[in-house]
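Hi there,

Here is the structure I promised to pass on to you. Have a look at it first, and then read on for what turned up.

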Amino acid sequence: MSEPTVYDAAAIGAYDLISSMLPPGSGLAAWVSSQRPLTGRSVLDLGAGTGVSSFALADAGAQVVTVDASRPSLDRLGSKRGDRKVDAVEADFRDLRLDSTSDVVTLSRNTFFLAQSHDEKIGLLRTVGRHLKPGGAAFLDCTDPAEYLRADGDATSVTYPLGREHLVTTTQNADRAAQAVMSVFMVQSASALTAFHEVATRATLPEIRLLARIAGLEVTAVNGSYAGDDYTARSREMLVVLEAKWPLFLSLRPRARPSRWATPRCWSRRPSR
Ligand SMILES: C[S@@+](CC[C@H](N)C(=O)[O-])C[C@H]1O[C@@H](n2cnc3c(N)ncnc32)[C@H](O)[C@@H]1O
């Protein structure tokens with residue numbers, strides 16, 4: 001597995017500042033609760049960051065277990081948690097094995113794309129399946145991959161103010177062939193500049209459908225906005241609902257397949273012979 005894309009202590013203040021100003025926040029909770037009740041239900045939020053998604057789900061009435069591989073992120077989350085029902089676990093979500101299952105599993109704000117290869121995405125989806133209660137549902141909150149390609153291969157850069165004291169510059173470069181997106185975030189004030197970066201590998205909806213099936217899950221709904229609009233070619237968001245459809249023991253026995261089937265040939269980067 002590749003190194004997880006996590007934010008170190010130097011980046012946390014800047015990440016938290018950006019994170020608290022951007023969607024989804026309560027939009028995520030509204031979307032999830034339009035499909036599954038949250039009040040009194042258990043939620044596993046994978047990729048907690050400094051808590052924006054977990055807090056929004058807890059504020060909607062859920063009991064949240066939140067997982068992140070970044071200790072500085074979880075420390076910041078702990079300092080902001082107050083009396084919300086949010087338990088934090090420091091772990092890599094790609095091979096997570098908790099003792100409990102949840103009514104809802106969430107991967108918000110492109111966290112699904114931080115599993116870089118198809119095999120890592122399948123591993124992450126298997127994690128999702130392992131932790132869903134019967135009848136539960138998982139929610140992948142993603143930017144529509146087409147959004148990254150609208151600049152036609154050029155890097156894009158946007159600067160905007162955050163409050164009165166900070167400017168944020170986000171620069172993105174999409175590698176069409178590798179489906180990779182490198183994002184550099186710079187937060188500037190009059191006296192300081194902090195930069196951090198993130199590498200994501202996007203997946204299209206047909207790819208997600210296929211990866212989910214391999215992991216024993218099925219896409220049961222796709223929305224184009226947190227308000228529940230249909231997903232269309234013009235949607236900026238790709239909000240995917242997954243449910244476990246196969247008996248789980250099938251998804252827990254991936255290695256029974258011949259290894260040449262582990263990655264479909266069309267995804268192989270090796271030249272064909
Ligand atoms: C895009 S942030 C999303 C944070 C939060 N859910 C939100 O909506 O603001 C993704 C988070 O996933 C975490 N992360 C990335 N790879 C991970 C891995 N393999 N295991 C656990 N956490 C991971 C990062 O540390 C980061 O906090």
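Two strands are said to pair if DSSP finds at least two bridges between them; helices (H or I, at least four residues) and strands (E, at least two) are DSSP runs, numbered from the N terminus. This is a predicted model, in which local features need pLDDT of at least 70 and side-chain atom pairs count only at pLDDT 80 or more, while totals for chains, interfaces and linings use all residues. Residues are numbered from 1 along each chain as its sequence is written.

V104 has A137 in strand 5 as its bridge partner.

There is also an open sheet of 4 strands, in the order 6-7-8-9, with antiparallel pairing. Its edge strands are strand 6 (156-162) and strand 9 (193-201), and each of them pairs on one side only. The twist in this sheet averages 15 degrees from one strand to the next. Strand 7 (residues 166-175) and strand 8 (residues 180-188) run antiparallel, with 9 bridges between them. T169 is partnered by M186 of strand 8. Helix 1 packs on this sheet and touches strand 6, strand 7, strand 8 and strand 9; the direction of helix 1 makes about 70 degrees with that of strand 9. Contact means that the C-beta atoms of two residues, placed from the backbone, lie within 7 Å.

**The helix pairs**

How are helix 1 and helix 4 packed? Helix 1 (residues 9-21) and helix 4 (residues 71-80) have axes 9 Å apart, at an angle of about 45 degrees. The two are therefore oblique to each other; under 35 degrees counts as roughly parallel, over 145 as roughly antiparallel, 65 to 115 as roughly perpendicular and the rest as oblique. The crossing of helix 1 past helix 4 is right-handed, where right-handed means that the near helix is turned clockwise from the far one by less than a right angle, and left-handed means anticlockwise. A9, I12 and D16 of helix 1 meet P72, S73 and R76 of helix 4. By class, this contact has 3 nonpolar, 1 polar and 2 charged residues; Ala, Val, Leu, Ile, Met, Phe, Trp, Tyr, Cys and Pro count as nonpolar, Asp, Glu, Lys and Arg as charged, and the others, Gly among them, as polar.

Helix 5 (residues 118-130) and helix 7 (residues 205-214) pack at about 60 degrees, with 9 Å between their axes, and are therefore oblique to each other. Helix 5 passes helix 7 in a right-handed crossing as well. On the helix 5 side, H118, K121, I122 and L125 meet L211, A212 and I214 of helix 7. That contact divides into 5 nonpolar, 1 polar and 1 charged.

Next comes helix 2 (residues 26-35), whose axis comes within 8 Å of that of helix 3, crossing at roughly 50 degrees. This makes helix 2 oblique to helix 3. S26, L28, A29 and V32 in helix 2 meet S53, A56, L57 and D59 in helix 3.

**The ligand**

Which residues are closest to the ligand? They are P4, V6, G47, G49 and A69, out of 23 residues that surround the ligand; a residue is near if its C-beta atom, placed from the backbone, lies within 6 Å. Helix 3 (52-59) and strand 2 (63-68) are the elements that give two or more residues to this shell. By class, the shell has 9 nonpolar, 10 polar and 4 charged residues.

How values were computed:
Axes are lines fitted to C-alpha atoms, for helices over the stretch in contact, and angles run from 0 to 180 degrees between N-to-C directions.
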